[in-house]
Amino acid sequence: FLLGLNCRDFYTNPATFVKGQMAIAEYYGLDLVPNAYDCYNIEAEALGQRLIYTDHAMPDVDTNEPLLADKGMLDRLHPPVPGEAGRMPYVLGICRVFRELTGLPFMPIFCAPFSLAVAIRGYRNLVRDFRQDRVFAHRLFEFLVDQVLIPWVDVLQKEVPEAPFLLGADAWSAPPIIDLRIQEEFIVPYALRLQEKAAGAFVRAEEDAVGAAR
């Protein structure tokens, strides 16, 4: 809004994004250039989840049409080609343009397993799965960690080898959205599974999301 940019261009064109963030950092006198692209949508869109795009807002998941509204879709769901599907090239492009313009590494963010599951299954459906079909829920999380996130994190790490770590954002894992049982069975184990198989990646619930939930 401050720069008068079109949001469709901002969230699809790496050069527009990087130059815009650099201008904002200079305008406000920030120590670091922001890296706030719509990190919760990249992997979901690459899997085939429909997003809503407008000229004046960040793209967002169409919650009326979750990709896995039908649980049977999981058996027909193909992992995205890491780095090539959806707007994954947009994220890689941001890393490259940022390095070209600043000489510094860009710190990419990926979507953590729990928030990704919410994006493609829907929050209500997922909570119902936790109560009525935990076998399916675990299959879903195994698929997302092993076949979607680990290959994608590997591509990001190769693109930005200087990055000391990669952050998995997980706003949906913040209380009171979840309870302790969900955290112990579906959030912590799969965050650890990801971290163990993709060294240098870690997951956390965003502080702003926790504050908003409170």
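## Overall fold

From the N terminus on, the elements of the protein chain follow the order α-α-α-β-β-α-β-α-α-α-β-α-β-α, which amounts to 9 helices and 5 strands. The model is a predicted one, and every value given here is computed from it.

For a chain of 214 residues, a compact globule would have a radius of gyration near 17 Å, and the protein chain agrees with this expectation because its own value is 17 Å. The C-alpha trace spans about 50 × 35 × 35 Å along its principal axes, and buried residues make up 48% of the 214 residues. Among contacts with a separation of 6 or more, 72% are between residues 24 or more positions apart.

## Helix 2 and its ends

Just after the helix, Gly29 takes a positive phi of about 70 degrees.

The buried residues of helix 2 are Pro14, Thr16, Phe17, Val18, Gly20, Gln21, Ile24 and Ala25, and they pack against helix 1 (7-10) and helix 4 (88-102).

## Asn41, a buried residue in a loop

Asn41 is placed in the loop between helix 2 and helix 3 (42-47), and it counts as buried because its relative accessible area is 4%, where the cut-off is under 20%. The side chain of Asn41 is joined to that of Asp38 by a polar contact of 3.0 Å, and it also reaches the backbone oxygen of Pro59 at 2.8 Å. When neighbours within four places in sequence are left aside, Asn41 is in contact with Leu51, Pro59, Asp60, Val61 and Arg87.

In soluble globular proteins, nonpolar side chains tend to be buried together. The largest nonpolar core here has 66 residues, of which Tyr37, Phe110, Phe114, Ile120, Leu140 and Leu144 touch the most other members. Helix 7 supplies the largest share of this core, with 13 residues. Leaving aside neighbours within four places in sequence, Leu144 is in contact with Leu47, Pro113, Leu116, Ala117, Ile120 and Leu149.

Helix 7 itself comprises the 26 residues 134-159, which at 1.5 Å a residue should span 38 Å; its end C-alpha atoms are 36 Å apart, which agrees. Within this helix, a kink of about 35 degrees lies at Leu149, shortly before the proline Pro151.

How values were computed:
Residues are numbered from 1 along each chain as its sequence is written. This is a predicted model: local features need pLDDT of at least 70, side-chain atom pairs count only at pLDDT 80 or more; totals for chains, interfaces and linings use all residues. Side-chain values use heavy atoms; hydrogens and water are left out. Buried means under 20% relative accessible area, exposed over 50%, partly exposed in between (1.4 Å probe, protein chains only). Helices (H or I, at least four residues) and strands (E, at least two) are DSSP runs, numbered from the N terminus. Contact means heavy atoms within 4.5 Å. A polar contact is a pair of N or O atoms within 3.5 Å; within protein, one must be able to donate a hydrogen and the other to accept it, and residues adjacent in sequence count only if both atoms are side-chain atoms. The expected span of a helix is 1.5 Å times one less than its number of residues. The bend at a residue is the angle between axes fitted to the seven residues ending there and the seven starting there. A nonpolar core is a set of buried Ala, Val, Leu, Ile, Met, Phe, Trp, Tyr and Cys residues joined through side-chain atoms within 4.5 Å. The radius of gyration is taken over C-alpha atoms; the globule rule is 2.2 Å times the number of residues to the power 0.38.
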